[in-house]
Amino acid sequence: MDENWLSKISSEIDEQIDLYISVRDYRFYQIEKLKRIAKHLNNDESCLECRYARKELEGIVAELDRLINKSGVNRSEYEKKVESLLKHLKDKHKVFQAHHFTYTYSAVYTLLGAGFGLLLSYGIFYSFNPSVFFLTSGIGMFVGNVLGSRKDKALIREGKQI
């Protein structure tokens, strides 16, 4: 847990933001997320992939102007590099992005509700009944949103959310 590295990366990001990055690009590319990624990469000293990811994050920060302000190829390169860091945190350390489970559970439970609505509609009425279909889909979305939100709040308490 090298606080010196974390403060160095944070100050380099702030310097890049002040010199080269517009407010619009700052929000669009979620530059602030780089600081949160750095914090999580700094937590585990024993992970070899984290050590490599720290070097990669240093490279991203050093080239932030080129990756954001130049051609679209560089922007997609930036997005791929950040996604690889997020994938490592998700797979190896169970650190998820904000609202991950809310979105995932809402989608899954909406589909389950829609499937249940079709079964119920054709099972009871022997034809498609839109009110039953949309009611069960809505209930499924609501249940998924509540359950996902609870899981996200638990992750926030554990410090496992970016």
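A pocket is an open set of grid points with protein on both sides within 12 Å along at least five of seven lines, and its lining residues have an atom within 4 Å of a point. In this predicted model, the largest pocket holds about 170 Å³ of space. Its lining is made up of F28, Y29, Q30, K33, Y78, E79, V82, E83, L86 and Q97. Helix 6, which spans residues 72-93, gives the most to this lining, with 5 residues. Sorted by class, the lining has 5 nonpolar, 2 polar and 3 charged residues.

Helix packing comes next. Two packed helices are described by the angle between their axes and the distance between the axes. For helix 3 (residues 32-41) and helix 4 (residues 48-62), the axes come within 10 Å and cross at roughly 155 degrees. Angles over 145 degrees count as roughly antiparallel, so helix 3 is roughly antiparallel to helix 4. The crossing of these two helices is left-handed. On the helix 3 side, the contact is made by L34, A38 and L41, and helix 4 brings C50, A53, R54, L57 and I60. By class, this contact has 7 nonpolar residues, no polar ones and 1 charged residue.

A second pair is formed by helix 7 (residues 100-125) and helix 8 (residues 130-158), which pack at an angle of about 155 degrees with their axes 6 Å apart. That angle makes helix 7 roughly antiparallel to helix 8. Helix 7 passes helix 8 in a right-handed crossing. The residues of the contact between helix 7 and helix 8 divide into 14 nonpolar, 14 polar and 2 charged.

Notes
Residues numbered from 1 in each chain as written. Predicted model: local features only at pLDDT ≥ 70, side-chain atom pairs only at ≥ 80, totals over all residues. Heavy atoms only, no water. Axes fitted to C-alpha atoms, helices over the stretch in contact; angles between N-to-C directions. Helix = DSSP H or I, 4+ residues; strand = E, 2+ residues; numbered from the N terminus. Parallel < 35°, antiparallel > 145°, perpendicular 65-115°, else oblique. Left-handed = near helix turned anticlockwise from the far one by under 90°. Contact = heavy atoms within 4.5 Å. Nonpolar A, V, L, I, M, F, W, Y, C, P; charged D, E, K, R; others polar. 1 Å grid on protein atoms, 1.4 Å probe; cavity = no way out; pocket = protein on both sides within 12 Å on 5 of 7 lines; lining within 4 Å. Points joined across faces, edges and corners; volume = space filled by probe spheres on them.
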